[in-house]
Amino acid sequence: MDHDNYSNDYIRGILQTVKTIALVGASQNPARPSWIVMKYLADKGYDVIPINPGLAGKELLGKTVYARLADIPHPVDMVEIFRNSEAAGPITDEALSLDPLPKVIWMQLSVRNDEAAKRAENKGVQVVMNRCPKIEFGRISGEISWQGINSRMLSSKKPVLAGKGFQKLSLNRPR
Amino acid sequence: MGERAPGFETLAIHAGAAPDAATGARATPIYQTTSFVFDDVDHAASLFGLQAFGNIYSRLGNPTNAVLEERVAALEGGTAALAVASGHAAEFLVFHTLLQPGDEFVAANKLYGGSINQFNHSYKNFGWNVVWADADDPASFEAAITPKTKAIFIESIANPGGVIVDIAAIAAIAKRHNIPLIVDNTMASPYLIRPFEFGADIVVHSATKFLGGHGNSIGGVIVDGGTFNFGGDDRYPMLSKPRPEYGGMVLGETFGNFGFAIACRVLGLRDLGPALSPFNAFMLLTGIETLPLRMQRHSDNALAVAEHLAGHGKVSWVSYPGLTSDRYHNLAKQYCPKGAGAVFTFGLKGGYEAGVKLVSNLKLFSHLANIGDTRSLVIHPASTTHRQLTDEQKVKAGAGPEVVRLSVGLEDKADLIDDLNQALDAA
């Protein structure tokens, strides 16, 4: 896997497959990127489970916060790591000790740990590093274009409305 | 779409412009509306909090304008862009985002006259202090930098035409001092020069000129190269400090490599208000679809006209970097091998009087103060745009009494040469 360049199909496939996302490094401050990403993903219909030892037992955006991945009482499809690159190593190992394994380990924009990625891929877990799932969802759905951001996506196909109004697009745009 | 990067001509037509999600309209619709209905109360809160992508109010963003923004961002190779009411508005919002009262910026001395006025006069009211450097001498930029310097500003192909600036050399100085380099790319357009490839951090456009290209709409664009780190210290508080108006959000951190464009939008455009009309955005977009074809023709015609004038008995000199004898020819080969643009100056042996007569006698060239139209344009700067300057200032600005500026259009070049011949005969 080339972790400098991910194909749109690879990212789209992940975002279309996963349903349950554990977000490590969740924040209760709405001005923080991790809060914004959690809110955005929840609005898109993902079941986002916040992880933060300092907030364990509290509720965040209506969801119970857990101290660590092992405390989540059900399987998760993806672990999203909102910590620094060094911390991403042990968090990846925690994720890889879950049973069943998550399908995807996603490290946030600016977070990259190639050795951890190798350990995950050796166990058949897909890895994304140094990307933001909100930006990637916005890029592939077309939403991010509303903000004048270069989505690097060209298409002669109509974007698909997600329903519940006109200001949400889905990932199901024909390719 | 494969993963191969699309070509410039493809981006000029397709970037940002998928069919309309609601109606399937293939041309970009003109969303001539002030406001947009929220999907629900929670959605409204998310939009105002910058937590979701979407539209609120056309001063802050508009779907037609957004297509223009993404189009220009893609053509320049930037991460994001912001469309605004004019090229001047683009410059204003860029400096508003970068500078605090008492700060300085270093600017090339060869610029559009309007920018020189803006920097020398209006900006002083904000405590933004310009320090001039020699556009032909990169070392003079370095010498002008002080601890208060927050930006460097140059034009890629510089006014009043015929000047190619060594972008990479000035970018290297900017990098060494950890200062963003802003390049006004109006005269070149991204077809001829893409400043980000030479180390620029921010690009601005008067889209009124070659991007729109038809002389029918005023507009400006700011492009974020995504290359400059505005965090790390306190020099750029608009990007690196918590913003009270957004609940303490740090824009540079939250929006990463397109944070500058977002800050220009959610602080500058929101609070200062120079929004672009969606109708103008539509006109500019339509123009951009043919940008590659037009810029090539502009450059080819300009070269033919410049070559002709260089051999004309009443012409004392021609300043066009496309000419092999020109002092900027080597820089032109490095920065804009496809052509040196449409705009250049030449001198008349007959001086001021001959200049006035020439513009009066031309029949196809229009005498007006613009560049980058399909039509060929002419101006005698000493009697018009640079009239208020002293004689010494005029010469320094490349607008001496004998100087005529052309913006060569897309007509048959033989007709343009005929028109210049008959007007020169009468001058």
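Predicted model: local features only at pLDDT ≥ 70, side-chain atom pairs only at ≥ 80, totals over all residues.
User: OK, chain A. What's the strand order in the open sheet?
Analyst: The order is S2-S1-S5-S6-S7, five strands with parallel pairing. Strands here are DSSP runs (E, at least two residues), helices are runs of H or I with at least four residues, and both are numbered from the N terminus. Two strands pair if DSSP finds at least two bridges between them.

User: Which strands are at the edges?
Analyst: S2 (47-51) and S7 (126-128) of chain A, each of which pairs on one side only.

User: And how many bridges join S5 to S6 in chain A?
Analyst: Four, between residues 78-81 and residues 104-107. Ile81(A) stands opposite Met107(A) there.

User: Is Ser110(A) buried, exposed or partly exposed?
Analyst: Ser110(A) has 15 other C-beta atoms within 10 Å, so it's partly exposed. The cut-offs: buried is 20 or more other C-beta atoms within 10 Å of its own, exposed is 12 or fewer, and partly exposed is in between, with C-beta atoms placed from the backbone.

User: Switching topic: how many residues of chain B are in contact with chain A?
Analyst: 42 residues of chain B, against 33 residues of chain A. Contact means that the C-beta atoms, placed from the backbone, lie within 7 Å.

User: Which element of chain B gives the most to that side?
Analyst: H3(B), with six residues.

User: How is chain B divided up?
Analyst: Into domain 1 (8-288) and domain 2 (291-426), with bounds from an automatic or database domain assignment. Their C-alpha centres lie 29 Å apart, and the contact takes 26 residues from domain 1 and 30 residues from domain 2 of chain B.

User: What about strand S8 of chain B, where do its side chains point?
Analyst: Ile202(B), Val204(B) and Ser206(B) point one way and Val203(B) and His205(B) the other. Five of the five residues are buried, so S8(B) is largely enclosed by the rest of the structure.

User: Which strands are joined to S8(B) by bridges?
Analyst: S7 (residues 181-184) of chain B is joined to S8(B) by three bridges and runs parallel, with Asp184(B) opposite Val204(B). S9 (residues 220-224) of chain B is joined to S8(B) by five bridges and runs antiparallel. In S9(B), Gly220(B) is the bridge partner of Ser206(B).

User: Last one: which residues does Val94(B) touch?
Analyst: Ile182(B), Ile202(B), Val204(B), Ile222(B) and Cys264(B), leaving out residues up to four places away in sequence.

Conventions. Residues numbered from 1 in each chain as written. Chains lettered and ligands numbered in written order. Contact = placed C-beta atoms within 7 Å.
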